[in-house]
Amino acid sequence: MDIDWSQLGFHYTETDYIVRASFHGQWVNGELQGEWTKPYATTDKYIHLHLSATVLQYGQEAFEGLKAFRGVDGKIRVFRWEENAYRLQDSARGLKMAPVPTELFGRAIRMALERNLDYVPPYETGATLYFRPILIGTTPRLGVGPGVDYEFVVIPSPIGPYYPGKFHCTSFIVNRRVDRSARYGTGPFKVGGNYASSFRATEAAHLMGYDCLFLDSKTKRYIDECSAANFIGIKGNEYLTPRSEEILPSITNKSLMTLAKERGMKVTRRKIRLEELADMQEAAACGTACVISPMDKVYDPDKERTYHFGSEPGPLLTSLYRTLQDIQYGRVNDDHHWCTVI
(Lines give C-alpha, C1' and ligand atoms only; values in the text may rest on other atoms or scores of the structure.)
Protein backbone atom coordinates (compact mmCIF):
# COMPACT_ATOMS: atom_id res chain seq x y z
CA MET A 1 0.00 0.00 0.00
CA ASP A 2 1.39 3.38 -1.01
CA ILE A 3 -0.99 6.27 -0.35
CA ASP A 4 -0.06 9.93 -0.36
CA TRP A 5 -2.49 11.03 2.36
CA SER A 6 -1.94 14.70 1.53
CA GLN A 7 -3.31 14.18 -2.00
CA LEU A 8 -6.53 12.40 -1.09
CA GLY A 9 -9.74 14.05 -2.22
CA PHE A 10 -13.37 12.96 -1.91
CA HIS A 11 -13.02 10.07 -4.33
CA TYR A 12 -12.88 6.29 -4.10
CA THR A 13 -9.62 4.66 -3.04
CA GLU A 14 -9.79 0.87 -2.91
CA THR A 15 -9.13 -0.88 0.39
CA ASP A 16 -8.49 -4.57 1.08
CA TYR A 17 -11.96 -5.66 2.22
CA ILE A 18 -15.61 -4.80 1.95
CA VAL A 19 -18.32 -6.30 4.17
CA ARG A 20 -21.53 -7.97 3.02
CA ALA A 21 -24.74 -9.51 4.33
CA SER A 22 -27.81 -10.84 2.52
CA PHE A 23 -31.54 -11.05 3.23
CA HIS A 24 -33.92 -13.63 1.77
CA GLY A 25 -37.60 -13.44 2.62
CA GLN A 26 -41.21 -13.56 1.51
CA TRP A 27 -44.31 -11.42 1.82
CA VAL A 28 -46.77 -12.71 4.41
CA ASN A 29 -50.03 -10.78 4.92
CA GLY A 30 -48.38 -7.62 3.63
CA GLU A 31 -45.26 -7.96 5.79
CA LEU A 32 -41.79 -8.93 4.58
CA GLN A 33 -40.52 -11.82 6.68
CA GLY A 34 -37.07 -13.36 6.50
CA GLU A 35 -33.60 -13.30 8.01
CA TRP A 36 -30.30 -11.55 7.44
CA THR A 37 -27.12 -13.58 7.13
CA LYS A 38 -24.16 -12.78 9.35
CA PRO A 39 -21.87 -10.11 7.88
CA TYR A 40 -18.65 -11.30 6.32
CA ALA A 41 -15.56 -9.61 4.90
CA THR A 42 -14.48 -10.26 1.33
CA THR A 43 -11.95 -8.95 -1.17
CA ASP A 44 -14.52 -9.29 -3.97
CA LYS A 45 -15.65 -5.76 -4.90
CA TYR A 46 -18.29 -6.89 -7.42
CA ILE A 47 -21.90 -8.07 -7.11
CA HIS A 48 -23.29 -10.81 -9.33
CA LEU A 49 -26.69 -9.30 -10.08
CA HIS A 50 -29.58 -10.39 -12.29
CA LEU A 51 -30.48 -7.81 -14.94
CA SER A 52 -34.09 -7.75 -13.77
CA ALA A 53 -33.19 -7.12 -10.11
CA THR A 54 -35.48 -4.62 -8.43
CA VAL A 55 -32.57 -2.23 -7.84
CA LEU A 56 -32.16 -1.91 -11.61
CA GLN A 57 -35.81 -2.09 -12.63
CA TYR A 58 -37.48 -0.03 -9.90
CA GLY A 59 -34.74 1.77 -8.02
CA GLN A 60 -34.86 -0.17 -4.75
CA GLU A 61 -31.64 1.31 -3.35
CA ALA A 62 -30.58 3.31 -0.33
CA PHE A 63 -27.22 4.30 1.12
CA GLU A 64 -25.45 6.06 3.95
CA GLY A 65 -22.17 7.86 4.61
CA LEU A 66 -20.15 8.06 7.82
CA LYS A 67 -16.56 8.45 8.94
CA ALA A 68 -13.90 7.03 11.23
CA PHE A 69 -11.36 9.51 12.62
CA ARG A 70 -7.87 8.78 13.94
CA GLY A 71 -7.70 11.10 16.90
CA VAL A 72 -5.00 13.19 18.48
CA ASP A 73 -4.54 10.37 21.02
CA GLY A 74 -4.13 7.72 18.30
CA LYS A 75 -7.53 6.17 19.00
CA ILE A 76 -10.01 5.62 16.17
CA ARG A 77 -13.50 7.10 16.58
CA VAL A 78 -16.58 6.32 14.49
CA PHE A 79 -19.01 9.23 14.61
CA ARG A 80 -22.69 8.55 15.44
CA TRP A 81 -23.02 5.33 13.48
CA GLU A 82 -26.28 4.46 15.24
CA GLU A 83 -27.92 7.51 13.66
CA ASN A 84 -26.85 6.27 10.24
CA ALA A 85 -28.32 2.86 11.03
CA TYR A 86 -31.65 4.42 12.01
CA ARG A 87 -31.72 6.59 8.90
CA LEU A 88 -30.98 3.63 6.61
CA GLN A 89 -33.85 1.79 8.29
CA ASP A 90 -36.16 4.73 7.52
CA SER A 91 -35.01 4.72 3.91
CA ALA A 92 -35.59 0.96 3.66
CA ARG A 93 -39.13 1.28 4.99
CA GLY A 94 -39.78 4.16 2.61
CA LEU A 95 -38.89 1.98 -0.38
CA LYS A 96 -40.42 -1.26 0.97
CA MET A 97 -37.05 -2.92 1.51
CA ALA A 98 -35.81 -5.10 4.36
CA PRO A 99 -34.37 -2.78 7.06
CA VAL A 100 -30.85 -3.58 8.25
CA PRO A 101 -30.94 -4.21 12.02
CA THR A 102 -28.90 -1.74 14.08
CA GLU A 103 -26.75 -4.51 15.56
CA LEU A 104 -25.93 -5.88 12.09
CA PHE A 105 -25.13 -2.39 10.81
CA GLY A 106 -22.75 -1.79 13.72
CA ARG A 107 -21.02 -5.17 13.33
CA ALA A 108 -20.50 -4.53 9.63
CA ILE A 109 -18.98 -1.08 10.23
CA ARG A 110 -16.65 -2.45 12.92
CA MET A 111 -15.62 -5.36 10.69
CA ALA A 112 -14.96 -3.04 7.74
CA LEU A 113 -12.79 -0.88 9.97
CA GLU A 114 -10.86 -3.70 11.64
CA ARG A 115 -10.13 -5.40 8.31
CA ASN A 116 -8.82 -2.12 6.85
CA LEU A 117 -6.94 -0.51 9.74
CA ASP A 118 -3.98 0.38 7.54
CA TYR A 119 -6.28 2.64 5.53
CA VAL A 120 -7.24 4.88 8.45
CA PRO A 121 -5.30 8.08 7.66
CA PRO A 122 -2.87 9.56 10.21
CA TYR A 123 -4.26 12.23 12.52
CA GLU A 124 -2.20 15.15 11.27
CA THR A 125 -3.42 14.73 7.67
CA GLY A 126 -7.04 15.68 8.42
CA ALA A 127 -8.14 12.74 6.25
CA THR A 128 -10.58 10.04 7.41
CA LEU A 129 -11.79 6.55 6.60
CA TYR A 130 -15.19 6.96 4.96
CA PHE A 131 -17.84 4.21 4.95
CA ARG A 132 -20.48 3.93 2.24
CA PRO A 133 -23.12 1.40 3.38
CA ILE A 134 -25.52 0.47 0.56
CA LEU A 135 -28.74 -1.53 0.50
CA ILE A 136 -30.06 -2.89 -2.81
CA GLY A 137 -32.94 -5.09 -3.99
CA THR A 138 -31.68 -8.21 -5.79
CA THR A 139 -34.90 -10.12 -6.55
CA PRO A 140 -35.39 -10.72 -10.30
CA ARG A 141 -38.73 -9.07 -11.10
CA LEU A 142 -40.41 -7.46 -14.11
CA GLY A 143 -43.82 -6.88 -12.54
CA VAL A 144 -44.00 -3.60 -10.68
CA GLY A 145 -43.51 -4.19 -6.97
CA PRO A 146 -40.91 -4.64 -4.23
CA GLY A 147 -38.55 -7.60 -4.07
CA VAL A 148 -37.92 -10.07 -1.27
CA ASP A 149 -34.11 -10.36 -1.52
CA TYR A 150 -31.62 -7.70 -0.48
CA GLU A 151 -27.87 -7.16 -0.25
CA PHE A 152 -26.23 -4.94 2.35
CA VAL A 153 -22.65 -3.85 1.62
CA VAL A 154 -20.22 -1.58 3.49
CA ILE A 155 -17.60 -0.01 1.23
CA PRO A 156 -14.70 1.67 3.09
CA SER A 157 -12.45 4.25 1.44
CA PRO A 158 -9.93 6.75 2.81
CA ILE A 159 -10.83 10.30 1.81
CA GLY A 160 -9.08 13.61 2.19
CA PRO A 161 -10.40 16.65 4.07
CA TYR A 162 -13.16 18.54 2.30
CA TYR A 163 -11.07 21.69 2.70
CA PRO A 164 -7.47 20.70 1.84
CA GLY A 165 -6.37 24.25 2.51
CA LYS A 166 -8.00 26.57 5.01
CA PHE A 167 -11.71 26.53 5.88
CA HIS A 168 -13.22 28.60 3.08
CA CYS A 169 -16.44 29.74 1.41
CA THR A 170 -18.31 28.61 -1.68
CA SER A 171 -20.91 30.33 -3.87
CA PHE A 172 -24.43 29.05 -4.54
CA ILE A 173 -26.99 29.68 -7.28
CA VAL A 174 -30.76 29.31 -6.86
CA ASN A 175 -32.50 26.80 -9.13
CA ARG A 176 -36.29 26.89 -9.62
CA ARG A 177 -36.46 24.57 -12.63
CA VAL A 178 -35.37 21.26 -11.11
CA ASP A 179 -36.81 19.53 -8.06
CA ARG A 180 -34.38 17.41 -6.07
CA SER A 181 -37.41 15.55 -4.73
CA ALA A 182 -41.17 15.98 -4.73
CA ARG A 183 -43.33 16.92 -1.78
CA TYR A 184 -44.20 13.81 0.27
CA GLY A 185 -42.00 11.71 -2.03
CA THR A 186 -38.58 10.22 -1.30
CA GLY A 187 -36.97 13.44 -0.09
CA PRO A 188 -36.59 12.35 3.57
CA PHE A 189 -34.85 9.14 2.46
CA LYS A 190 -31.22 8.77 1.40
CA VAL A 191 -31.78 7.08 -1.95
CA GLY A 192 -29.76 7.36 -5.13
CA GLY A 193 -32.70 8.59 -7.22
CA ASN A 194 -32.81 11.88 -5.28
CA TYR A 195 -29.22 12.58 -6.25
CA ALA A 196 -29.59 11.50 -9.87
CA SER A 197 -32.62 13.75 -10.25
CA SER A 198 -30.57 16.74 -9.10
CA PHE A 199 -27.65 16.21 -11.50
CA ARG A 200 -29.14 18.42 -14.22
CA ALA A 201 -29.13 21.35 -11.84
CA THR A 202 -25.94 20.67 -9.89
CA GLU A 203 -23.75 19.97 -12.93
CA ALA A 204 -25.02 23.11 -14.68
CA ALA A 205 -24.27 25.11 -11.53
CA HIS A 206 -20.75 23.68 -11.29
CA LEU A 207 -20.01 24.77 -14.86
CA MET A 208 -20.82 28.33 -13.79
CA GLY A 209 -18.68 28.09 -10.65
CA TYR A 210 -21.52 27.56 -8.17
CA ASP A 211 -23.12 24.95 -6.00
CA CYS A 212 -26.90 24.61 -6.25
CA LEU A 213 -29.55 25.87 -3.83
CA PHE A 214 -32.92 24.12 -4.22
CA LEU A 215 -36.29 25.59 -3.26
CA ASP A 216 -39.41 23.70 -2.19
CA SER A 217 -41.10 21.85 -5.04
CA LYS A 218 -44.60 23.22 -4.39
CA THR A 219 -44.25 27.00 -4.15
CA LYS A 220 -40.59 27.72 -5.06
CA ARG A 221 -40.57 30.22 -2.19
CA TYR A 222 -38.79 28.37 0.60
CA ILE A 223 -35.21 27.14 0.97
CA ASP A 224 -34.99 23.35 0.87
CA GLU A 225 -31.46 21.98 0.42
CA CYS A 226 -28.00 22.91 -0.82
CA SER A 227 -27.11 20.39 -3.54
CA ALA A 228 -26.91 17.26 -1.35
CA ALA A 229 -26.68 18.99 2.03
CA ASN A 230 -28.87 20.74 4.60
CA PHE A 231 -29.03 24.54 4.88
CA ILE A 232 -28.00 26.61 7.91
CA GLY A 233 -28.59 30.33 8.36
CA ILE A 234 -27.31 32.56 11.17
CA LYS A 235 -29.49 35.55 12.06
CA GLY A 236 -28.09 37.37 15.07
CA ASN A 237 -27.81 34.67 17.73
CA GLU A 238 -30.32 32.42 16.00
CA TYR A 239 -29.48 29.16 14.20
CA LEU A 240 -32.03 28.69 11.39
CA THR A 241 -32.59 25.52 9.38
CA PRO A 242 -35.53 24.48 7.17
CA ARG A 243 -38.43 22.34 8.31
CA SER A 244 -39.56 20.44 5.25
CA GLU A 245 -41.05 17.10 4.24
CA GLU A 246 -38.74 17.05 1.23
CA ILE A 247 -35.26 17.05 2.75
CA LEU A 248 -32.97 14.46 4.27
CA PRO A 249 -32.57 14.76 8.05
CA SER A 250 -28.85 15.47 8.37
CA ILE A 251 -26.97 13.85 11.25
CA THR A 252 -24.39 16.64 11.02
CA ASN A 253 -27.13 19.29 11.23
CA LYS A 254 -28.67 17.49 14.20
CA SER A 255 -25.29 17.53 15.96
CA LEU A 256 -24.66 21.19 15.16
CA MET A 257 -28.09 22.17 16.50
CA THR A 258 -27.17 20.55 19.82
CA LEU A 259 -23.86 22.42 19.94
CA ALA A 260 -25.57 25.71 19.01
CA LYS A 261 -28.05 25.34 21.88
CA GLU A 262 -25.19 24.65 24.28
CA ARG A 263 -23.50 27.91 23.35
CA GLY A 264 -26.72 29.81 24.08
CA MET A 265 -28.02 30.20 20.54
CA LYS A 266 -31.70 30.04 19.69
CA VAL A 267 -32.25 27.08 17.35
CA THR A 268 -35.23 27.31 14.99
CA ARG A 269 -36.52 24.81 12.43
CA ARG A 270 -39.16 26.34 10.18
CA LYS A 271 -39.93 27.28 6.61
CA ILE A 272 -37.40 29.88 5.48
CA ARG A 273 -38.28 32.25 2.64
CA LEU A 274 -35.46 32.82 0.17
CA GLU A 275 -35.67 36.58 0.75
CA GLU A 276 -34.74 36.07 4.41
CA LEU A 277 -31.16 35.53 3.28
CA ALA A 278 -30.91 39.33 3.25
CA ASP A 279 -31.29 39.35 7.05
CA MET A 280 -28.69 36.65 7.74
CA GLN A 281 -25.08 37.34 8.67
CA GLU A 282 -23.88 33.80 7.85
CA ALA A 283 -25.17 30.89 5.76
CA ALA A 284 -23.86 27.43 4.94
CA ALA A 285 -24.48 23.91 3.73
CA CYS A 286 -23.79 21.09 6.16
CA GLY A 287 -23.29 17.34 5.83
CA THR A 288 -20.96 14.42 6.49
CA ALA A 289 -18.47 15.26 3.75
CA CYS A 290 -17.90 18.94 4.47
CA VAL A 291 -19.24 19.25 8.05
CA ILE A 292 -19.96 22.92 7.27
CA SER A 293 -19.53 24.61 3.88
CA PRO A 294 -19.95 28.38 4.44
CA MET A 295 -21.46 30.51 1.69
CA ASP A 296 -19.91 33.74 0.50
CA LYS A 297 -22.92 34.55 -1.68
CA VAL A 298 -26.16 33.20 -3.11
CA TYR A 299 -27.11 34.35 -6.61
CA ASP A 300 -30.76 34.32 -7.70
CA PRO A 301 -30.70 34.59 -11.52
CA ASP A 302 -34.49 34.84 -11.87
CA LYS A 303 -34.70 37.86 -9.59
CA GLU A 304 -31.26 39.18 -10.59
CA ARG A 305 -30.34 39.48 -6.93
CA THR A 306 -27.27 38.41 -4.98
CA TYR A 307 -27.14 37.82 -1.23
CA HIS A 308 -23.67 38.38 0.25
CA PHE A 309 -22.22 36.91 3.46
CA GLY A 310 -18.56 37.92 3.23
CA SER A 311 -15.53 36.32 1.63
CA GLU A 312 -14.43 34.55 4.85
CA PRO A 313 -16.36 32.07 7.02
CA GLY A 314 -18.30 33.84 9.77
CA PRO A 315 -17.42 33.53 13.47
CA LEU A 316 -20.37 31.44 14.66
CA LEU A 317 -20.20 28.84 11.89
CA THR A 318 -16.42 28.67 12.26
CA SER A 319 -16.77 28.06 16.00
CA LEU A 320 -19.38 25.31 15.47
CA TYR A 321 -17.24 23.68 12.79
CA ARG A 322 -14.19 23.60 15.05
CA THR A 323 -16.15 22.33 18.05
CA LEU A 324 -17.58 19.39 16.11
CA GLN A 325 -14.19 18.57 14.61
CA ASP A 326 -12.63 18.69 18.09
CA ILE A 327 -15.13 16.06 19.25
CA GLN A 328 -14.56 13.86 16.20
CA TYR A 329 -10.78 13.97 16.55
CA GLY A 330 -10.75 13.50 20.33
CA ARG A 331 -9.34 16.95 21.10
CA VAL A 332 -12.09 17.57 23.69
CA ASN A 333 -14.26 15.34 25.83
CA ASP A 334 -17.13 13.65 24.02
CA ASP A 335 -19.78 14.55 26.58
CA HIS A 336 -22.59 13.48 24.22
CA HIS A 337 -21.13 10.00 23.64
CA TRP A 338 -21.36 10.55 19.89
CA CYS A 339 -18.15 8.69 19.10
CA THR A 340 -17.55 4.94 19.31
CA VAL A 341 -13.89 4.25 20.02
CA ILE A 342 -12.57 1.21 18.18
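**Notes on the pockets**

1. In the second largest pocket, α7 supplies the largest share of the lining, 3 residues. Helices here are DSSP runs of H or I with at least four residues, strands are runs of E with at least two, and both are numbered from the N terminus. α7 (315–328) and β5 (66–70) each give at least two residues to this lining.

2. This is a predicted model, where local features need pLDDT of at least 70, side-chain atom pairs count only at pLDDT 80 or more, and totals for linings use all residues. Residues are numbered from 1 along each chain, and side-chain values use heavy atoms, without hydrogens and water.

3. The second largest pocket has 23 lining residues, and nearest its centre are Gly126, Pro161, Tyr163, Tyr321 and Gln325. A pocket is an open set of points on a 1 Å grid over the protein atoms alone, where a 1.4 Å probe fits, with protein on both sides within 12 Å along at least five of seven lines; lining residues have an atom within 4 Å of a point.

4. Its volume is about 430 Å³, taken as the space filled by probe spheres set on the points, which are joined across faces, edges and corners.

5. The largest pocket has a volume of about 790 Å³. Its lining counts 35 residues, with Tyr195, Ser227, Ala228, Ala229 and Ala289 closest to the centre.

6. α5 contributes the most to the lining of the largest pocket, 4 residues. Other elements supplying at least two residues each include β7 (128–137) and α6 (251–262).
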